[in-house]
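Work through the exercises below with the structure open beside you. Try each task before reading its solution.

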Amino acid sequence: MLSFWTTFVSLVVMICAFFVSGGAPIGGWTSYPPLSALGEIVGPGQGGGETLWIVGLAIFCGASLMGALNFITTLIDLRAKGMTLGRLPLTCWTWFVTAILGLLAFGVLLAACILLLLDRIAGTSFFIPGGLVVTDQVITWHKGGSPLLWQHLFWFFGHPEVYIAILPGMGVASHLLSTFSRKPVFGYRAMVGAVCGIGFLGFCVWGHHMFVSGMSPYSAFAFSILTMTIGVPSAIKTFNWLGTLWGGKITFNCAMLFALGFVSLFVSGGLSGLFLAQPALDLYLHDGYFVVAHFHLIMGVAAIFGMFAGLYFWFPKMFGRFLNEGIGKVHFWFTFIGVYAIFMPMHFLGLAGNPRRYSEMTAGPFLQKLQPVHVFITYAAFITIGAQLIFLFNFLWSVFAGKEAKEENPWHATTLEWSIPSPPPFDNFGGVEPVVYHGPYEFSVPGAADDYIPQHLAPNLVRKA
Amino acid sequence: MPGTIVDDVELIDAGRGGGTPPPAGGDDDGDSSGSRRPVPRRAYFTALQLGLAAIVMFFMALASSYIVRKGLGVDWQSAPLPPILWFNTTILLLSSATIVVARKKLEGGGREAFRSWWWVTTGLGLLFLAGQIIAWRQLAARGMLLATNPSSSFFYLLTAAHGAHLAGGILALFYVMFRPWSRSRISQSTAAELASIYWHFMDGLWIFLLALLTLGR
């Protein structure tokens with residue numbers, strides 16, 4: 001709980017940035033110095049706003065570390081009896097690796113934030129080089145620092161961070177594809193290996209965010225090769241998702257639709273990453289809309305689809321009621337088509353040279369020619385966001401008046417959470433420790449009467465066909 | 001609905017990590033519904049090791065920044081290390097020895113001896129921190145402040161970061177001394193062991209930082 005509430009505090013601190021004089025910072029989530037290090041003179045929001053951003057982020061580092069500690073310790077030492085690592089659902093495996101990434105990456109971000117804060121308020125020069133001129137004012141009280149140092153520190157955190165963002169969604173996808181195909185996950189051990197591989201390699205590729213920073217082309221080559229190797233475990237996972245579906249008895253409910261959507265978006269977004277991994281191409285594409293398309297599809301949207309899939313799936317467990325399927329399907333289709341409508345054209349904008357992080361796109365003939373694409377994207381965005389209001393309505397309405405989930409296990413799933421009442425008691429299992437006898441995806445087991453065997457079902461109670 | 005069976009989940013006594021039954025009304029879990037499974041003793045050690053891993057990453061980031069910033073070569077002027085640092089280091093190493101003695105006394109059943117040696121350790125830890133502050137004062141007296149040059153910046157930063165973590169360790173030492181352990185899920189001996197692992201780690205970290213500051217000049 002400490003981790004949760006500390007996260008809340010960090011959010012409050014960040015939101016405060018909107019309310020100080022100067023407002024919220026313009027430094028972006030990456031807070032590159034010197035812009036983020038010089039204070040008010042460089043622009044609106046770079047005074048108190050930027051400081052609050054950094055402080056909020058530092059508090060979040062602490063919160064994340066606590067959460068990571070909790071998850072990893074629980075997964076290593078507090079598993080239920082009979083729950084070997086080989087019987088862990090893939091949702092737990094992905095959260096396990098996510099927590100390890102968080103544990104190791106956030107410390108580096110915290111160090112970077114502290115150095116940046118010192119540059120801002122204590123007059124140090126970790127990141128600020130000499131000779132800077134800001135709106136006719138020569139900065140003489142800082143010299144010798146390196147903005148590149150910040151970039152290295154930040155991206156050493158920043159790349160594991162994006163895997164932190166996507167891995168849980170992958171776990172949900174695996175879990176739901178299996179459950180709603182009534183088939184075990186194809187290649188469970190390969191899936192686990194792939195998750196671990198993605199986690200490990202994620203620490204080795206931060207330089208691909210810095211291809212245009214003037215780094216040595218040899219370093220760029222190394223980062224490029226390593227980045228492309230992440231494609232291997234990612235591809236393994238993608239093929240295994242397809243293998244899970246193949247020949248399955250598929251139910252196309254909302255949770256499943258969003259899980260399928262996750263796979264689609266992961267592939268779409270992931271493929272453009274391979275282009276960006278080439279330094280020669282990235283020189284052109286960096287800071288353009290091609291990058292924006294890439295990370296939104298793979299991280300912004302695929303991860304969100306993972307969350308939606310999880311929400312539709314676990315809503316009956318949380319609230320004892322279902323989200324409305326009909327409204328949910330409207331939500332899904334508008335969102336699915338909408339995000340493709342928003343982000344696919346961005347690839348072309350990027351290839352045409354449209355830069356990112358501009359406040360307006362009408363200066364100059366080459367940008368003006370691209371305006372119609374921006375207009376289309378904007379309409380698509382309005383419609384897609386409107387569709388989320390449908391979901392919000394569905395959520396709020398279903399909490400109070402949704403169709404009741406009369407059984408504990410309406411999806412006939414196999415994992416432990418479906419053996420407890422909906423909503424669950426505070427300590428989940430009501431004081432009774434479950435014992436695990438089976439793997440997590442025992443669907444359509446030959447010889448069994450039912451098409452699923454819950455993990456906690458004692459072997460002598462499994463009905464034979 | 002066809003094919004479902006009412007589950008017959010056996011009540012299992014988890015019995016991991018020591019055979020003592022969980023205490024009634026676990027005081028640090030905030031849960032009032034029935035008894036909870038005792039947290040296995042090794043979970044505390046796992047959590048501590050993970051915390052140490054995170055702390056290592058934090059200090060490695062600072063150490064890398066130190067090396068990179070120094071290598072930029074522009075305005076690096078090695079800050080002279082106040083000699084009191086060597087005295088402080090000795091104090092800290094001594095405290096690692098006294099904490100080992102304290103734990104041995106506790107294991108041997110000598111509770112009073114344990115308390116004495118634990119207090120000595122705590123006192124030495126506080127003495128170390130005081131010494132560090134004196135080192136800061138000495139450096140400031142020579143005109144080397146936080147922003148004077150990058151070398152002094154790192155000196156203050158690294159010693160402050162280590163000092164903050166050590167202060168946390170001192171809080172842990174107080175906690176081991178004052179918490180009513182009879183009503184806890186772990187014994188005082190376990191808590192002392194956890195605190196001492198953290199303490200030795202702080203000791204080792206200080207040696208590393210001192211080496212960085214000395215050899216990296």
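The exercises below concern a predicted model, and each is followed by a worked solution.

**Exercise 1.** Check whether the length of helix H7 of chain A agrees with its number of residues.

Solution. Helix H7(A) covers residues 231-245, which is 15 residues. The rule is 1.5 Å times one less than the number of residues.

**Exercise 2.** Find the buried residues of H7(A) and say how they are arranged around the helix axis.

Solution. Count a residue as buried if 20 or more other C-beta atoms lie within 10 Å of its own. The buried residues are then Pro233(A), Ser234(A), Lys237(A), Trp241(A) and Thr244(A). Viewed down the axis of H7(A), they fall within an arc of 105°, so they line one face of the helix. Their cover includes helices H4 (147-179), H5 (188-201) and H8 (254-276) of chain A. Just after H7(A) comes Gly247(A), with a positive phi of about 75°.

**Exercise 3.** Describe the side of chain A that touches chain B.

Solution. Start with the contacts: 43 residues of chain A meet 41 residues of chain B. Next, locate them: H2 (48-77), H3 (90-121) and H4 of chain A each supply at least two residues of this side. H3(A) gives the largest share, 9 residues. Last, sort the residues of chain A on this side by type: 26 are nonpolar, 10 polar and 7 charged.

**Exercise 4.** State the confidence scores of chain B and of the model.

Solution. Chain B has an average pLDDT of 84, and 82% of its residues score at least 70. Over residues 1-35 of chain B, the pLDDT is below 50. The model as such scores ipTM 0.93 and pTM 0.91.

Conventions:
Residues are numbered from 1 along each chain as its sequence is written. Chains are lettered from A and ligands numbered from 1 in the order in which they are written. This is a predicted model: local features need pLDDT of at least 70, side-chain atom pairs count only at pLDDT 80 or more; totals for chains, interfaces and linings use all residues. Helices (H or I, at least four residues) and strands (E, at least two) are DSSP runs, numbered from the N terminus. A residue is buried if 20 or more other C-beta atoms lie within 10 Å of its own, exposed if 12 or fewer, and partly exposed in between; C-beta atoms are placed from the backbone. The arc is that of the directions from the helix axis to the C-beta atoms. Two residues are in contact if their C-beta atoms, placed from the backbone, lie within 7 Å. Ala, Val, Leu, Ile, Met, Phe, Trp, Tyr, Cys and Pro count as nonpolar, Asp, Glu, Lys and Arg as charged, and the others, Gly among them, as polar. pLDDT is the predictor's confidence in each residue, from 0 to 100.
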